[in-house]
Amino acid sequence: MYCSFKNLKIAGFAAGVPKAVTRSEDAIHSADYDAASFIETTGIKERRISNDFTTSDLCCAAAERLIADLGWEKSDIDILVFVSQNADYILPATACILQDRLGLKKECYAEDIALGCSGWVYGLSTIAGLMSGGESKKALLLAGDAKRRAEYELDTLMGFAGTATAIEYEEGAKGFKFHMGTDGSGHQSIIIPDGGARNMTTEKSFELESINGNMINRLTPRMDGMDVFAFAITVPPKSIKSLGEKYGFDYQDADYFVFHQGNVIMLNKIIKKLKVDKEKMPLSLPYFGNTSSASIPITIATQLKGKVEDKPTKFIGCGFGVGLSWGTVAFETEKLVISDLVEL
């Protein structure tokens, strides 16, 4: 699906992470591979992990910092969209809780989107659609993933992060161009088998089994790495190229290509297929790991701060993974605000 929206812009980015740093060289204890091999193949040197925070805690802290840095009045924020696969509760929606925690007005539109790797792009498109008529002037997109579950620490790829993206309606702004897609036939490639209505939680859900060298239960994510890798190196380049063809621009003119941060080998293959200089592909993966729906905004917030705020900059963002789903967006920024990293 293609869609485009004018008169909208991203005003700023912020990210929140736990202070606690988990270094790969200290965390990898496997008979199958050593820490050096893990770092080389994944690109992950360290991650931020702490069971003291939920996703909403990190997003809330990032949002407070960004609102302050932008000088926004909270009463002017009309929309709040929260994107995560780790909500505070089964119900109510975490966006409703964040509306109250942030002190936003009661007339604020608040919605959860339960997507992972592609979620930031989907959340941005949802907000763009809501704002396209010009009646809503300011919105917050909060995206990330974190868990309190102790067993999550066994995962050597995932890091905890929450991000805030500020979107404004402005006449004449160039807006966003999107290409989205879904292949639900691959839904089992990344899945938590139990805990939903299909397979409800039972005593068996807590029984440990060995998956990729880790002892995990059926309430923990598992992934078919080969299927996901094949999907990731094939679909994103096609999506980016087709977006340029649809809207008549040369995708190679973008200043930065910001991808979901899943695996460095995978990302290098994508950028090679696009025939783009690797210098245009910033990486947050070495410092934060795979942060799911937070990975595009945290990459911009931490790796491009000091480089893009005061000049027009062309971005292409592409998220892809769990679902299987993908989303690509082309946008430009000018006078961008990037807050300092919030560490909790």
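Which residue forms a salt bridge with aspartate 57? The partner is arginine 101, and the closest N and O atoms of the two are 3.0 Å apart, a salt bridge being a side-chain nitrogen of Lys or Arg within 4 Å of a carboxyl oxygen of Asp or Glu. This pair links distant parts of the chain, since aspartate 57 belongs to helix H3 (residues 55–70) and arginine 101 to helix H4 (residues 94–101), 44 residues apart. Helices (H or I, at least four residues) and strands (E, at least two) are DSSP runs numbered from the N terminus.

The model is predicted, so local features need pLDDT of at least 70 and side-chain atom pairs count only at pLDDT 80 or more, while totals for chains, interfaces and linings use all residues. Residues are numbered from 1 along each chain as its sequence is written, and side-chain values use heavy atoms, with hydrogens and water left out.

The closest N and O atoms of glutamate 64 and lysine 74 are 2.9 Å apart.

The structure holds 13 salt bridges, and Lys9, Lys138, Glu168 and Glu170 are linked in a network of them. Across the protein chain there are nine helices and 18 strands, and buried residues make up 54% of its 344 residues.

How values were computed
Buried means under 20% relative accessible area, exposed over 50%, partly exposed in between (1.4 Å probe, protein chains only).
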